[in-house]
Every structure is written in structure tokens, then in C-alpha cells.
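These are my notebook entries on what I looked up in this structure.

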Amino acid sequence: KMGGAEAMRILPPMPWDPYVEALPPMPWEGAIQGLADQTGFATDQLRYTSSLLVAIPVGFLFRALTMDPYTRKTDAERAAAITGRHTLSMLIGLSFMLFAFGYEIAHALFSSTVAFLLMKAVPGKNVHIWVSIWAMGYMSVSHIYRQIVAYGSWTIDFTTPQLLLTQKMMNIAFALHDSSRKDADLNEEQRKRQIRKPLSFTEYYGYIFCMHTLLAGPSADYTEYIQWIDGSKLAGQRHSPLLAVGKKVLCAVFCLWMFIGLGASWSVTELGNPDWVSKHAWWWVLTYNQVALCMGRHRYYFAWVLSDAACNAAGFGFNGVDARGAPKWDAVLNIRYLDVEAATNFRAAMTGWNIATSNWLRRCVYERVPAAYATFASFTMSAIWHGFYPGYYLTFLSSALFNETAKVLRRHIRPRVIPSKEAEGGVPAQLYHFASTSVTMMSLNYLGHPFNVQSLDKAMVLWRYWGMAPHFIAITLFLAVPVLLPNKRPSAAKKAN
């Protein structure tokens with residue numbers, strides 16, 4: 001991957017560069033640079049990854065050393081314990097950010113403070129609009145600046161946590177807005193997640209800079225956060241997360257091996273090289289596309305699973321007990337591995353990947369616009385949130401088309417192949433599921449290519465190689481299937497789905 005020093009700079013140096021360069025280095029930079037020289041890893045990767053790793057033992061310490069508000073006897077004791085947890089969560093999170101991103105922490109402090117003031121000043125009726133404009137505007141300017149000074153770079157900088165801060169700021173704003181609406185106009189989830197009044201200083205910054213959801217997510221909703229802080233989710237129980245944390249750390253090691261160990265031989269950049277693509281057989285290009293994109297996804301899995309483990313270590317993520325009485329630690333899960341890597345349909349893949357972001361898009365976009373535009377609006381918002389590389393828009397806008405086509409196919413074909421629950425075990429049903437999984441995975445890897453190579457010319461290498469055939473097929477099926485295979489009994493078809 002391209003590092004910051006190798007990234008192409010497409011504009012002259014910025015006016016403020018001399019002032020930034022004059023700042024003294026952080027005290028730990030020398031040690032990090034020495035470790036980078038020894039290991040061959042970039043300094044940004046070392047700082048970021050070590051922060052994710054250290055967050056796990058810090059999580060255990062947080063739970064062990066802080067008082068559980070739920071078990072306090074008086075209101076004053078409970079309030080003090082809650083404030084203490086908020087404050088410690090904020091301070092540890094800021095410490096992680098300072099270590100990982102240095103002076104760039106100023107972006108997080110400035111953007112979150114402006115949002116905090118807006119939530120105090122703007123009435124609930126419009127607070128979601130103003131905060132969304134500010135949060136997405138700041139995120140967008142940050143993306144544009146990064147593309148100017150480090151085009152095509154995969155360097156980990158302040159824009160990584162800024163993505164999560166944007167979601168958190170909007171989560172709070174929409175919850176405040178929902179408290180100003182009529183109860184009858186809200187769905188059940190919106191009623192449950194309402195915030196009746198602007199948060200206090202410690203509540204807001206404790207959530208915004210929550211130590212375990214700041215670097216890689218998940219950007220859990222405020223309701224989930226406060227139930228952890230006040231102890232109401234565990235309700236005084238002392239379920240140990242040790243087994244869950246151990247399993248997730250092993251999963252993270254597996255993901256790291258898949259990305260670095262195996263993935264090193266399957267670089268997605270080859271698919272953006274016209275010389276490489278032109279000299280290989282179609283079946284090898286297809287196979288390489290599937291494997292390279294799969295390997296590439298594991299870098300995200302690694303960070304998400306480690307972050308989830310750190311949450312669990314602190315007692316965050318408890319989700320009740322299963323039928324055997326064993327604790328479940330999946331309340332802040334950010335990836336359902338098999339739902340993505342063996343997706344039976346587009347919806348399963350989309351809801352299983354980056355779950356917190358999917359929830360944010362659903363709560364703040366999908367459910368807020370007319371149904372006819374909900375899918376398109378959500379994918380467009382996702383593209384803007386990620387940045388402004390052309391590849392992002394090719395991926396997300398095309399995904400909207402493929403997602404709608406998948407809905408049409410499921411609505412019109414599945415009831416004919418699997419007309420009842422009893423038919424699920426039959427051969428036609430098994431063939432349907434196999435075909436659905438195969439087509440879904442090939443489509444996801446075809447669509448994911450532009451996102452990974454970012455630039456328009458590299459993105460179009462693979463798509464032109466296939467003559468844009470998957471796009472034309474998707475459009476044709478979207479238009480033709482409802483006409484050729486109309487549902488005679490819509491209610492029955494809907495029930496079968």
C-alpha cells in the first residue's frame with residue numbers, strides 16, 4: 001500500500017505547512033520510528049495498531065477499577081460513579097488519539113465542540129439538520145484536504161476517527177430531534193433511542209471520545225453507551241468477558257494472517273493494471289478478483305474485531321444470556337463474518353458488513369427520506385462519508401442498482417422456487433441458495449474493486465475488461481423480471497420472502 005511519503009502531491013504546499021512542521025515531535029516518535037525501522041511497518045500503522053492492542057488490557061482495568069453505578073446505594077453515589085466513568089472514558093480516549101494522531105487531535109476537539117454548541121443552541125426541531133451539515137461538511141473538507149496533500153495514500157490519519165465522530169455527532173442530534181416529534185410519528189427504535197435534553201459536558205465527551213469506539217468503531221449508539229456507563233445493561237451481574245475477548249483476539253490474528261500472510265500474494269492493485277489484466281485468461285482474472293477482494297476485507301475485520309474485544313473487556317457489548325445461560329457479548333459487534341463472506345443475498349452482506357455504519361445510515365438516512373429514494377440516498381451518503389475518490393461513487397452508486405435488482409429477483413423468483421417453508425430442504429431450494437450466494441459474492445467483489453483502487457482509470461480497467469456486462473445484466477433483470485414473471489399473489493409472495 002502507498003504510504004504518505006510516496007503519495008502523490010497534486011497541489012503546492014499549503015500556507016500553514018511551515019507552522020505545522022515547526023511543532024516539536026511527540027515524545028514517543030523516536031521510539032516508534034526505531035520500531036518502524038526494525039519491523040518495516042509504517043509509523044502510522046504501528047501507532048494505530050498498538051493503540052488497538054493496548055485498549056484490551058485498558059478495558060479490563062477500566063472495569064476492575066471503576067465503581068459500578070448500578071450497585072451504588074444512593075442517587076448521589078450513582079451520579080458520582082457515572083460521572084467518573086464518563087470522565088475516565090473521555091480521558092483515555094483522548095490519550096489514545098494523542099498517541100495515534102498527535103497534533104491532529106485538534107480536528108476531533110474542534111469539530112465535536114462546535115457540534116456540542118449547536119446541540120445546546122438549536123431547537124430539537126432543526127438540530128439534526130444543523131449538526132448533520134456541520135459534521136458531514138467538516139468530514140468532507142477533511143477528505144478533500146487529504147486528497148490534495150496525499151492523493152491515493154492509505155496512510156492512517158485523523159480522518160479515520162473523524163469518520164466515527166461524524167456518526168456519533170449525528171446519532172446524538174437525531175436522537176434529540178426525535179424527542180421533539182410526536183410519539184405517534186416515531187417507530188419503536190426511535191422512541192427507545194430518544195434523548196430528551198442536550199447532553200452534559202461529561203456525557204457528551206465521554207461518548208464522543210469513548211476509548212473503545214474511537215479508533216475503529218463500532219460507533220455505538222448513545223443508548224448502548226449509556227447503558228454500559230450506568231451499569232444497567234449488566235444490572236449488577238459480573239459476567240466475565242474473558243472467553244469472548246480471547247476468541248475475538250484469535251479471530252483478529254486470523255484476519256491479520258489472511259491480509260498480510262496470504263493477501264500479500266493477491267494485491268488488488270493488479271486488477272487496475274491493464275497490462276496484467278490483458279495477459280491473463282478470463283477465468284484467472286475472475287478468480288483473482290474474488291480472492292484479492294476477500295483478502296483485502298480482512299484488514300477491516302482485524303481492526304473491528306480487536307475494537308470489539310476491547311469493548312467487551314471493559315464490559316461494553318453484553319447482550320444478555322443464551323439458552324444455556326452463557327453470556328452473549330455481541331451487542332456492539334461490527335461484522336458478521338459469514339454473512340459477508342458467504343452472503344446469500346445483497347441485504348445479508350450489507351447488514352453484516354460494518355454493522356454500526358449500516359445502523360447509522362438506516363437511522364439517519366434510510367428512515368428519514370421517502371421510501372422511493374431511501375436506497376439511493378443511503379448509498380450516496382455512504383459514498384460522501386467515505387470521501388471523494390471516483391472509485392467510491394462507482395462502487396456505492398452501482399451497489400444501489402445491484403441491491404434493487406437483488407430485491408426484484410428475490411421477490412419474483414424465490415416464491416416460484418421455494419413456495420413454502422417445507423420446500424426449503426428440497427433440491428431446487430439448495431440450488432437456488434447456491435446460485436444466489438455465488439452471484440452475490442461475484443457481484444460484491446466486482447463492485448468492490450473501484451473502492452479499493454480509488455481512481456477512475458484503475459477502476460475502469462476491470463469493469464471494461466468485462467465490458468460492463470454485470471451492469472447491463474442488472475439493469476435488464478431489474479426491468480424485465482417483473483414483466484416476465486409477475487407476482488400473481490403479492491401478499492403470498494411477500495410472506496414467502
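Is Arg368 buried, partly exposed or exposed? I found that Arg368 counts as partly exposed, at 25% relative accessibility; buried means under 20% relative accessible area, exposed over 50%, and partly exposed in between, with a 1.4 Å probe and protein chains only.

I note that this is a predicted model, in which local features need pLDDT of at least 70 and side-chain atom pairs count only at pLDDT 80 or more, while totals for chains, interfaces and linings use all residues. Residues are numbered from 1 along each chain as its sequence is written, and side-chain values use heavy atoms, with hydrogens and water left out.

**Entry 1: salt bridges.** I took a salt bridge as a side-chain nitrogen of Lys or Arg within 4 Å of a carboxyl oxygen of Asp or Glu. The count by this rule is 17.

I looked up Asp178 and Arg368, whose side chains form a salt bridge at 2.8 Å, N to O. Asp178 lies in helix H7 and Arg368 in the loop between helix H16 (355-364) and H17, so this pair ties together parts 190 residues apart in sequence. Asp178 is buried, at a relative accessible area of 3%. Helices are DSSP runs of H or I with at least four residues, numbered from the N terminus.

I then checked Arg146 and Asp157, which meet in a salt bridge at 2.9 Å, N to O. Arg146 is in helix H6 and Asp157 in the loop between H6 and helix H7 (159-178), 11 residues apart. Both Arg146 and Asp157 are buried.

**Entry 2: the second largest pocket.** I recorded a volume of about 1,300 Å³ for the second largest pocket. Of its 36 lining residues, those closest to the centre are Val20, Phe101, Glu104, Tyr145 and Asp157. On a 1 Å grid over the protein atoms alone, a pocket is an open set of points where a 1.4 Å probe fits, with protein on both sides within 12 Å along at least five of seven lines; lining residues have an atom within 4 Å of a point. H6 gives the most to this lining, six residues.

**Entry 3: His386.** I located His386 in helix H17 (residues 371-386). Its side chain reaches the backbone oxygen of Ser382 at 2.7 Å. Leaving aside residues up to four places away in sequence, His386 touches His143, Tyr392, Phe396 and Phe451, where contact means heavy atoms within 4.5 Å.

How values were computed
Grid points are joined across faces, edges and corners, and a volume is the space filled by probe spheres set on the points. Helices (H or I, at least four residues) and strands (E, at least two) are DSSP runs, numbered from the N terminus. A polar contact is a pair of N or O atoms within 3.5 Å; within protein, one must be able to donate a hydrogen and the other to accept it, and residues adjacent in sequence count only if both atoms are side-chain atoms.
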